[in-house]
Amino acid sequence: MKTLELGTTPSLGEVPDTMKAFVIRADREGEPKDAMRVEDMPIPDVGPNEVLVLVMAAGVNFNGIWAARGKPVSTMKMHPDEPFHIAGSDAAGIVWKVGSAIRRWKVGEEVVLHCNQSCRECPECNGGDPLACEQQKIWGYETNWGSFAQFCKVQGQQLLPRPKHLTWEESASYGLTLFTAYRMLMAQAQVKPGDNVLVWGASGGLGVFAIQLCKLAGARPIAVVSGDDKARLVQELGAEMIINRNEFDLSKGPAESRRFGKKIRELTGGEDPDIVFEHVGQYTFPTSVLVAKRFGKIVICGATSGYELTFDVRYLWMRQKRIIGSHFANTHQAEIANRMMIEKKIRPVLDQVFEFEDTPRAHQLMADNKHKGKMSIRVQTPRP
Ligand code: NAP
């Protein structure tokens, strides 16, 4: 049996039998530092429309934390035939083996991956939006064989060209959050020049790209952060209006939310947000609905602080606001946003790089909100 040891690379296209992977199992679901452990795992074979990618670097995302915790849903229930989970929905790597139906990509090409999988056969996948496909899943969260391993297995349509001006670590860092922020702002909320956009968690994974996309679209981001170093980061990205959320206790109710709204108006010159970029959920959502402008939009893709939301619906109907759900991005949107990265219109915001063995620690930092921007893991990329 041929085992691929860390720090070694097989010759191009040669597939060993086993690889090192960080694995979550049902009996150790919990905080990432306990749930994710290195194991020798078999290297999966590819189907006709699939591709095996040698992972040079992998990007850390919040869904690795949900997968580790097994809450609100255990990933084991999502792929019951494989009662283990290799997380990781972002990677940059080298095409190592292609399925018999793959025509666009060849062994040896350098790629980044987007994380949407769908059936590729239904009407939604052919002329509609693959996010509406009944079999739509997020690779590395709802499916197995994610990127915290020496090899990962993806559908051919997930491959995108790697921006050659970036390092492997930078290339692996941006896909999931950039493509999600792109769909939220450009497709779902249809941001326009001049719009005021309230961006919660502006120095986080989604936020750093929301700020850059707003600037590119000619909109005016209002960046919410929780500290001075995070404020400096969003300033570097072009945010001029910044709010430190520690100056408010939004759990106190509507009076405090109104005070937050007053702060927004002080910064904008009296205007309320046309768009609220939401992913925090329970803690911020009542404020988001209250502060949005009349006829404004609240676009939401996540709920870090809790998914059961309560809010005063009178602000929604009397002022005719809209709540818009959004989830990742389709291949076309991912391709456009990736091109923005290739053309240097958007930049990666890689704050920290970790070695493979530190994968659980990197996730734990994110779980504890002790990070900013994006974090990457070196897998096959040589240590400096
Ligand atoms: P992240 O890097 O952790 O950034 C989130 C930011 O939110 C943090 O930097 C933090 O900034 C802020 N935050 C955390 N708790 C908060 C609270 N109680 N109140 C206000 N702000 C708070 O994570 P991310 O990658 O941006 O992802 C954020 C969420 O979106 C996660 O739940 C993730 O699962 C979800 N998501 C969903 C999709 C999708 O396709 N549906 C895609 C990407 C992410 P400050 O402390 O500076 O305020």
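I started at the ligand, on the backbone of Cys 301. A polar backbone atom of this residue is 2.8 Å from a nitrogen atom of the ligand. I keep in mind that this is a predicted model.

Next I looked up side chains. Arg 245 has a side-chain N or O atom 2.6 Å from a ligand oxygen. For His 371, I read 2.8 Å between an N or O atom of the side chain and an oxygen atom of the ligand.

How many residues surround the ligand? I find 25. Ser 226 and Phe 328 are among the closest, along with Arg 245, Cys 301 and His 371.

Then I turned to the domains. Domain 1 comes in two segments, 18-176 and 329-378, and domain 2 spans 190-325. I note 16 residues from domain 1 in the contact and 17 residues from domain 2. Their centres, taken over C-alpha atoms, are 28 Å apart.

I checked the area buried between domain 1 and domain 2. The value is about 1300 Å², and carbon and sulfur atoms give 68% of that.

What about charges across the boundary? I count two salt bridges between domain 1 and domain 2. Arg 347 forms a salt bridge with Glu 236, with 4.0 Å between the closest N and O atoms.

Last, I looked at the side of domain 1 that touches domain 2. Helix H2 (62-69) and helix H10 (331-342) each give two or more residues to that side. Its residues divide into nine nonpolar, three polar and four charged.

Definitions and conventions
Residues numbered from 1 in each chain as written. Predicted model: local features only at pLDDT ≥ 70, side-chain atom pairs only at ≥ 80, totals over all residues. Heavy atoms only, no water. Domains from an automatic or database assignment. Contact = heavy atoms within 4.5 Å. Buried area = accessible area lost by both parts, 1.4 Å probe. Salt bridge = Lys/Arg side-chain N within 4 Å of Asp/Glu carboxyl O. Helix = DSSP H or I, 4+ residues; strand = E, 2+ residues; numbered from the N terminus. Nonpolar A, V, L, I, M, F, W, Y, C, P; charged D, E, K, R; others polar. Near = heavy atom within 4 Å. Polar contact = N/O pair within 3.5 Å; in protein donor to acceptor, adjacent residues only side chain to side chain.
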